[in-house]
Amino acid sequence: MRLSRYFLPILKENPREAEIVSHRLMLRAGMIRQQGQGSFTMLPLGKRVLDKVCRIIREEQDRAGALEILMPTIQSAELWKESGRYNDYGKEMLRIKDRQERDLLYGPTNEEMVTEIFRAYVKSYKDLPLNLYHIQWKFRDEVRPRFGVMRGREFLMKDAYSFDIDYEGARAAYNRMFVAYLRTFTRMGLKAIPMRADTGPIGGDLSHEFIILAETGESQVFCRKEFLDLAVPGETVDFGNDAEIAGIVKDWTTPYAATDEMHDEAAWDAIPEDERLSARGIEVGHIFHFGEKYSKPMGAKVQGPDGKEHFVSMGSYGIGPTRLIAAIIEASHDEAGIIWPESVAPFEVVIINMKAGDADCDAACERLYAAYQAAGVDVLYDDTDQRAGGKFATADLIGIPNQVIVGPRGAAAGEVELKRRATGARETTKLDDLLAFIG
Ligand code: ATP
Ligand code: MG
Ligand code: MG
Ligand code: MG
C-alpha cells in the first residue's frame, strides 16, 4: 500500500475525550472514528488489525473443532420469551419494533438463536459433539460506554456454542475452548490468565474469564504469580485427545486465580505474599458451561444411545475482537505510539522514503516495495512528500514492527537502514542483500 493513496487520518493533537492510552492511540493513529455513544467505524488501519485478530480467533476455533456460521444481529423477542430471558435481561437489551409492531431486539448474545437452529436439525447423539460459532456485531446498552472500543455499545464478538449429550461431553467441549483461548491470546502477544468467574446473566455453574493484566482494567483480579510463566500449548496440541486437553486445563486452573466477585479471602491469605499478584485486569474472553439452562425450556434434545431423549448440555464461549485491539495496545505501546506484535500488525513492514523525488531514494524504495509485494508481505510504502521527521513519527505512532529507512546518502551507496519498532534497534544493510533476503 502506498501511503499517498491510503486513508490514514493521523491526529497531531491528543484527543481530549480519550481517558486511556489505547483509546488515545487508536484515535491518533487514525484507526477508529466515533459515530455515536459507544459506536465506532473501523477506518482502514483499524480494519486491518481487526481482520488479523479475527483470523487468529478463527484459526484457533477451527483447530479446536468449532464450525463457523453467521447469525443475524436482529432477533425475534419470541425466542427470548421461550428461554425466559426477554424480561430478565433488562436495560442492556435494545428492544425494537418493526412496522407490524412485532417485538424484535438487537442481539446482545445468541444462546436462544443457536439453540433454535440446533433443535431444528439435530436429533441424534451421533451428530454430537457440535460447536457452532460466529463473529458478529452485538449491541448492549451499557450504563457507561467508555474507553473507546474497550467498552462499546455496538461491538464485535466471537461467540461459540457447544452441544453435547451429557455433562462429561460438555466438560470436554469446555476444555477444548479453554485451550483454544490460551492459544488465541498468546498468538496475539498477550498473557491472558483464566480466572474463576461469576456466570452472570448467561447463567450456569462453571465459568472462566480470560483476563489481561493492565492498570486501566475495569476488574480487580487476584492470582498467583506463577501464571505469568505457565507454558501455553503449541500447535501440535491434540484436540481429539480429551485427556491431554483436560490435563492442560488442570495445569491452568490449579493455581489460585479469581476475579473480585469470586475472590476467596481465606484461600488468598494462605498464599505467601511474594507469590501473590493483585492487579487490575481487562476481560477479553469468557467461557461458560450452563448445561440445560436453554435446551430444557426451548426443547433442544437428542436421542441417546439408550434410545431415550436427552436435553443437550451446552456451553457458550465469547471473545471480544474489538476490545482485544484496545487490550493489545494497553499491553504494548510506548511514548511514541503503538508497538504491534507481528501477528496482528496492520502492516509487517513500512518503507520510509526520506526524500521522495530523489532519484536514488525513489528507485531503491520502488524495488523494495515490489519485492515485498511479490513475497506476499503486508507492506506500507511512505512515498509522501512529508519531511523525514514526520514520517518517522508516523511510523512509530502506527506501530509497524519493521521499518526500512531509505535516505539519499545511503541509497546512493546502495545501503538502507532497518529499524525494529519494539526495541529501537537499527542496522545498516546493503539494499541488494535485503532484496535477496525478501526473495
Ligand atoms: P464486561 O464484564 O466487560 O461487561 P461481559 O462479562 O458483560 O463483559 P460477556 O457477556 O462475557 O461480557 O461477553 C464476552 C466478551 O465480549 C467479553 O469477554 C468481552 O471481550 C466482550 N465484550 C463484552 N462487552 C463488551 C463491550 N461493551 N465492548 C466491547 N467488548 C465487549
Ligand atoms: Mg457486560
Ligand atoms: Mg464481565
Ligand atoms: Mg463476561
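Helices (H or I, at least four residues) and strands (E, at least two) are taken as DSSP runs and numbered from the N terminus. The structure is a predicted model, in which local features need pLDDT of at least 70, side-chain atom pairs count only at pLDDT 80 or more, and totals for chains, interfaces and linings use all residues. Residues are numbered from 1 along each chain as its sequence is written, while chains are lettered from A and ligands numbered from 1 in the order in which they are written.

**Ligand shell.** Ligand 1 is surrounded by 15 residues, a residue being counted as near if its C-beta atom, placed from the backbone, lies within 6 Å. The closest are Phe 155, His 286, Gly 318, Gly 320 and Arg 323.

The most is given by β13, with 4 residues. By class, the shell has 4 nonpolar, 6 polar and 5 charged residues; Ala, Val, Leu, Ile, Met, Phe, Trp, Tyr, Cys and Pro count as nonpolar, Asp, Glu, Lys and Arg as charged, and the others, Gly among them, as polar.

**Helix packing.** Helix α10 also packs with α1 (residues 21-28), at an angle of about 105° and with the axes 8 Å apart. Axes are lines fitted to C-alpha atoms, for helices over the stretch in contact, and angles run from 0 to 180 degrees between N-to-C directions. The two helices are therefore roughly perpendicular, a term for angles of 65 to 115 degrees. Val 21, Ser 22, His 23, Leu 25 and Met 26 of α1 meet Ala 326, Ile 329 and Glu 330 of α10, contact requiring C-beta atoms, placed from the backbone, within 7 Å. These residues divide into 5 nonpolar, 2 polar and 1 charged.

**Sheet.** An open sheet of 3 strands has the order β4-β6-β5, with antiparallel pairing; strands pair if DSSP finds at least two bridges between them. Because β4 (74-76) and β5 (94-97) stand at the edges with a single partner strand each, one side of each lacks a neighbour in the sheet. Neighbouring strands are turned by 40° against each other on average, direction ignored. Strand β5 is joined to β6 (residues 103-106) by 4 bridges, and Arg 95 stands opposite Leu 105 in β6.

**Overall form.** The protein chain comprises 14 helices and 23 strands. Its radius of gyration is 24 Å, close to the 22 Å that the globule rule gives for 439 residues, so the chain is as compact as a globular protein of that length. The radius is taken over C-alpha atoms, and the rule is 2.2 Å times the number of residues to the power 0.38.

Definitions and conventions: Angles under 35 degrees count as roughly parallel, over 145 as roughly antiparallel, 65 to 115 as roughly perpendicular and the rest as oblique. Two residues are in contact if their C-beta atoms, placed from the backbone, lie within 7 Å.
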